[in-house]
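This report concerns salt bridges, nonpolar cores, domains and cavities. The sequence and structure are shown first.

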Amino acid sequence: MSNRELAALFDELASLLKVADGNAQSFKARAYETAARTLDTLEPPAAEMSVTELIKLKGIGKSSASKIAEIVETGTMDRLVKLRAEFPATFLDLVRVPGLGPKTALMIRERLGIEDVGGLRAAIEGEQLRELPGLGAKTEEKLARALDRLGTSGKDRRTPILDAMAMASRIIDELTPMVEVEQIQYCGSLRRFRDTVADIDILVATTDPAPVTKRFSTLAFVTEVIGSGSTKTSVITQGGLQVDLRVVEPAQWGAAILYFTGSKAHNIRLRQLAIQQGRLLNEYALEESEGGRVVASETEEEIYEALGLPWIPPAVREDTGEIESGLDRSLPEFVRWEDLRGDLHVHTSMSGDGDHSLTRMLDAAVQRGLEYLAITDHAEDLAMNGVGQDEMLEQRGVIESIAADYPTLTILHGAELNIGRDGGVDYNSDFLSTFDWGVASVHSLFDLDVESQTTRVITAMQNPAVNVIGHLFGRRIGKRPGIELIDDAVIEAAALTGTAIEINSHLDRLDAPSEFLRKAMSNPEVLFVVSTDSHRTGELWQSRFGVTPAQRGWVTADRVANTWPVDRFVEWAANQRVP
Ligand code: DGT
Ligand code: CA
Ligand code: ZN
């Protein structure tokens, strides 16, 4: 049992405990989360350590240590098995409905026997919730709206990309070191970076599939094997998420990864192109219709080339114009991770929710190879985590005094401002004008009507202290729907005021969403920045994620301000702030 498998079990235990306790801040759950984080980065195998040795590790308490021993001995944890039975995946979907949460979900299960989202919908229609203590007609209305906006019908349950990516990386990290595995990659909607996925598709190239399939179906976080054949094995993992593993011959890798990445609509167009050329395209190869000679199969590049196309990034394979543009060689230069030179939304431990000190964040930025960085801790209007003018000034003093230690990094002093009800932001305009950079984000009042929200955001854009709007819609994928905005009005205001639109790289957010980005791209005046919104050093690398939804929105490198050389960027940022 690997450390990462153990970590996955502790993460699952923690999230189930939060539900069982009806409390997202559950102390026990937190302790298990800390244990999971420790295990995730621990070098020596925890499974080979004694309880005494385990307890000595920072982040592992008595209870976690004895649970590790239990897993090593029995393969699982009794507590976890019981919790899984008590809270099946369909009930967890119910808990996640915005405005419900564990406490109410438990109450309506007990009182009304509601077990899933479908049951909730029926109870709202039957006006049953208003009879319960603490709930009313208003609650029913709010929940009905949340269900509509989430598009959750209960039947076609989809998993947010944050959870799917975590599971896919865990599986891939387990299988990659196997000698039998020549290539491995997640494909399907996850590789295309849809916000949510129905299942995870993983492809492995190998000449010896049996050991790979065996390891896959016995991973600690696999709860059920639902099918296993010579080329495909399907399992259920934490939270009811299905994972399909397909194995192919190394020579068929390109054709297989192309096919299983999809989308189906993109595949169909490729197949039509092949037919027009007297060829056939399937998951094994591109071949001549007559005689079956293989034209290309090993890499995606070779197959696209043979079809008369450049390699098309997975994110745009949706048959929404990429084939036509590819054929006439007019596919744009989509922004890539290597193009990013700066990060413009970064927190330190001065924000209540930040983990690492200023210097640790700066060191990590240097390691990441960044040329410029804006430190943007939360401004004072944010409850709990925001800071006042004095602290901001103190931080600025520190930055000035240590800047010389970072000769390769240009540090901008900024803040993440909070957009108030009427579009105003924190501090006064004199103080605001002393910053180098301002991110402004909506952190409250998510339920205002569409006109008020639109005016609110546009007012913030008109403020010279605001360089960029952070996570424009404020959505948390699968948890909280975004605010409602009149897209065209916001896009026009961004163009007129020169305020950039942030592409927030956190997998929980991916905000602004790619549909909005593509609309915004059609106005040539609109600029973007891909930022990480890091709260700890490791997150500075997550812009790898942010560029993919940017590609999905057909965003090109020249339109992303943090791909520009430092001089051009700094000059632009300063000019934007002139009232
Ligand atoms: P999902 O799972 O609903 O989030 O979306 P996908 O795109 O991952 O769909 P999935 O898992 O059903 O299939 C994975 C890929 O396999 C899909 O993107 C394209 C390919 N595929 C599946 N079924 C068909 C089909 O009937 N025809 C073609 N051409 N390709 C298919
Ligand atoms: Ca899929
Ligand atoms: Zn932030």
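## Salt bridges

Asp40 counts as partly exposed, at 27% relative accessibility; on this scale buried means under 20% relative accessible area, exposed over 50%, and partly exposed in between, with a 1.4 Å probe and protein chains only. Its salt-bridge partner is Arg170, with the closest N and O atoms 3.4 Å apart; the term requires a side-chain nitrogen of Lys or Arg within 4 Å of a carboxyl oxygen of Asp or Glu. This pair links distant parts of the chain, since Arg170 belongs to helix α10 (residues 161–175) and Asp40 to helix α2 (residues 27–41), 130 residues apart. Helices (H or I, at least four residues) and strands (E, at least two) are DSSP runs numbered from the N terminus. Arg170 is buried, with a relative accessible area of 8%.

The model is predicted: local features need pLDDT of at least 70 and side-chain atom pairs count only at pLDDT 80 or more, while totals for chains, interfaces and linings use all residues. Residues are numbered from 1 along each chain as its sequence is written, chains are lettered from A and ligands numbered from 1 in the order in which they are written, and side-chain values use heavy atoms, with hydrogens and water left out.

## Further bridges and a network

A search of the whole structure finds 35 salt bridges. One of them joins the side chains of Asp195 and Arg475 at 2.9 Å, N to O. Asp195 lies in the loop between α11 (188–191) and β3 (196–197) and Arg475 in the loop between β15 (468–469) and α21 (487–497), so the pair ties together parts that are 280 residues apart in sequence. Asp195 is partly exposed at 21% relative accessibility, whereas Arg475 is buried at 11%.

Another salt bridge is formed by Arg246 and Asp201, whose closest N and O atoms are 3.6 Å apart. Here strand β7 (residues 241–248) holds Arg246 and strand β4 (residues 200–205) holds Asp201, 45 residues apart. Both partners are buried, Arg246 at 16% relative accessibility and Asp201 with a relative accessible area of 11%. Through shared partners, salt bridges also join Arg4, Asp11, Asp40, Arg170 and Asp173 into one network.

## Nonpolar cores

The largest nonpolar core has 48 residues, and those with the most contacts inside it include Leu417, Tyr427, Ile501 and Phe516. Such a core is a set of buried Ala, Val, Leu, Ile, Met, Phe, Trp, Tyr and Cys residues joined through side-chain atoms within 4.5 Å. Elements that each supply at least two residues include β13 (410–418), α20 (450–462) and β16 (500–504); α21 gives the most, with five residues.

Leaving aside neighbours within four places in sequence, Ile501 is in contact (heavy atoms within 4.5 Å) with residues including Met461, Leu472, Ala494, Phe516 and Phe528. A second, separate core of 45 residues includes Leu9, Leu16, Leu17 and Ala29.

## Domains

The domain assignment, which is automatic or taken from a database, gives domain 1 (3–86), domain 2 (89–150), domain 3 (159–248), domain 4 (253–327) and domain 5 (337–576). The C-alpha centres of domain 1 and domain 4 lie 45 Å apart.

## Cavities

Two cavities of 30 Å³ or more are found in the whole structure. A cavity is a set of points on a 1 Å grid over the protein atoms alone where a 1.4 Å probe fits but cannot get out, and lining residues have an atom within 4 Å of a point. Points are joined across faces, edges and corners, and a volume is the space filled by probe spheres set on them.

The largest cavity has a volume of about 70 Å³. Its lining consists of Ala255, Leu258, Tyr259, Asn267, Leu270, Arg271, Leu281 and Asn282. The elements giving two or more residues to this lining are α13 (253–261) and α14 (264–276).

Conventions
On a 1 Å grid over the protein atoms alone, a cavity is a set of points where a 1.4 Å probe fits but cannot get out, and a pocket is an open set with protein on both sides within 12 Å along at least five of seven lines; lining residues have an atom within 4 Å of a point.
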